[in-house]
Amino acid sequence: MTSPSETPAWKALAEHAEQMQRRGLRELFAEDPDRGERLAVDALGLYLDYSKNLVSDETLGLLCELAKSCGLRARTEAMFAGEKINVTEGRAVLHTALRAPRGAVIEVDGENVVPEVHAVLDRMADFAERLRGGAWRGHTGRRIRNVINIGIGGSDLGPVMAYEALRHYADPELHLGFVSNVDGTDFAETIRGLDAEETLFIVCSKTFTTQETLTNARSARAWLLAALGDEAAVAKHFVAVSTNAEEVVGFGIDPANMFGFWDWVGGRYSYDSAVGLSLMVAIGPERFREMLAGFRAMDEHFRSAPFEQNMPVLLALLGIWYTNFFGAETHAVLPYDQYLWRFAAYLQQLDMESNGKRVDLEGRYVDYQTGPIIWGEPGTNGQHAFYQLIHQGTKLIPCDFIGFCQSLNPRGEHHDLLMANFFAQSEALAFGKSEEEVAAEGVASELVSHRSFPGNRPSNTLLAERLTPECLGKLVALYEHKVFVQGTIWNVNSFDQWGVELGKVLARRIAPELSGETEPEPDHDGSTNALIRHYRARRARQ
């Protein structure tokens, strides 16, 4: 494929950007009083207002032309059809199959994978119902009240984000915890105060060899056996999400309590598979299936809606507009709902691990920027932390505001005040406050520049009625497909992650060098050797 930067559409956008950088949002809204209604998409119970972007109809037309020239529609169909578009690993990319209806046919290597997907979902549902209902009990006959998910990356970020997002719907009799960091503090604090007789661990590792996850799992096993003293207890207090039956059995887990998934599901796209077992236990199978229906609805919208009315496509194209033609390096995701406090962290992996690439599908080094830095915090907390830089700093930071018309926890004026801030921030970012307006308020001349706001800070606004399991599925799928669209246009593989491997390899080499006071002699660069010696000398004093 030709580099996107060599296409006529890209070159036309570069020329057009020079014109648009001289335009302002005040001017664009003055010229088009209906802009706020016109540049919006209302679909699937989501309302996307993208009118506060530095774009014209010409901009949007050129961006859609870029998507067409990069073969977006064909690549989308290839993904949904199960073609092996993850070319560096020779794999299909079928997270969409995880939420396909029972009667669908999606083939990988000539085999329909949908029946197997639903077989796993049914086994998950049976397990979740037995645990929630008290039929599954611990080794001593006590009811399970604590469920601890042990994983890392996609086996942690997805489940913990979704659990926090849907906590309103969770069984209040169950306590859920999540352990991911290999730092022993994470494990120690997660199990603090728990009763081993009432605790179940879900170990999420496709290969059951992930270093961080297995280190934490072994610590959990040791903690359990120290309390219960019987190896047979492991089978009643551990289940696995894995495909490696031999290692699972060797750990002491009954293979009947192993829930599998497939190599055509990337970790960061996997929490709607068996990786979400902890979530299903918390909210119940019915709510979990409602969430899957939300995923599926967005999948269908993405696959069928014209680019001009396609929410994932529009968000992706606007992101490319700022990343590649305005020099923006970051993108803020700002949910005005406390339940979404882990949403930005989840999107960091989804986006940056997918599109943080410097080589295209043909192995060529790219000559344009790819994946932006994703960050954000919920609600008004961010306003009192980093919004100052977005409003008056020197960096262009496009933002996504996510809000809900109804609160799950109505408390007097709380929600209206929250949403007043929600609407006010995007308005202030877009239109600012000129020096003339500040001076007209009687502000001292020496303070006018300090109290003026340049505006022209772009944002998207996403509104939904309320945060339900179905709504969360739609939101996550929206961003999944946004990432896919951007990866397609940048011509990178959004489904491998070779960049995380080198550090893991070096860590395995360094680990044996840390245990002794003097041996073995570290064999790295001068800085790393000195750091290891410094660490060993002080570790020995403990």
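Which residues does Lys-52 touch, not counting residues up to four places away in sequence? In this predicted model, local features need pLDDT of at least 70 and side-chain atom pairs count only at pLDDT 80 or more, while totals for chains, interfaces and linings use all residues. Residues are numbered from 1 along each chain as its sequence is written, and side-chain values use heavy atoms, with hydrogens and water left out.

Lys-52 lies in the loop between β2 and α4 (57-69); helices (H or I, at least four residues) and strands (E, at least two) are DSSP runs, numbered from the N terminus. Beyond the excluded sequence neighbours, Lys-52 touches Leu-25, Phe-29, Ser-426, Glu-427, Ala-430, Phe-431, Arg-457, Pro-458 and Ser-459, contact meaning heavy atoms within 4.5 Å. Lys-52 counts as buried because its relative accessibility is 14% (buried is under 20% relative accessible area, exposed over 50%, partly exposed in between, with a 1.4 Å probe and protein chains only). From C-alpha to C-alpha, Lys-52 and Thr-461 are 8.6 Å apart in space, although 409 residues apart in sequence.

Turning to the sheet, six strands form an open arrangement in the order β1-β2-β13-β12-β10-β11, with mixed pairing; two strands pair if DSSP finds at least two bridges between them. β1 (40-43) and β11 (373-375) are the edge strands, each pairing on one side only. On average, and with direction ignored, neighbouring strands of this sheet are turned by 15 degrees against each other. Axes are lines fitted to C-alpha atoms, for helices over the stretch in contact, and angles run from 0 to 180 degrees between N-to-C directions. Strands β12 (residues 399-404) and β13 (residues 459-464) run parallel and are joined by six bridges; Phe-404 has Ala-464 of β13 as its bridge partner.

Helix α15 packs on the sheet, where it touches β10 (330-335), β11 and β12, and its direction makes about 165 degrees with that of β11. Helix α20 lies across β2 (46-49), β10, β12 and β13, running at about 165 degrees to β12.

These two helices also meet one another. α15 (residues 343-355) and α20 (residues 469-490) pack at an angle of about 25 degrees, with axes 10 Å apart. That angle makes α15 roughly parallel to α20 (under 35 degrees is roughly parallel, over 145 roughly antiparallel, 65 to 115 roughly perpendicular and the rest oblique). Contributors to the contact include Phe-343, Tyr-346 and Leu-347 of α15 and Leu-475, Val-476 and Trp-490 of α20.
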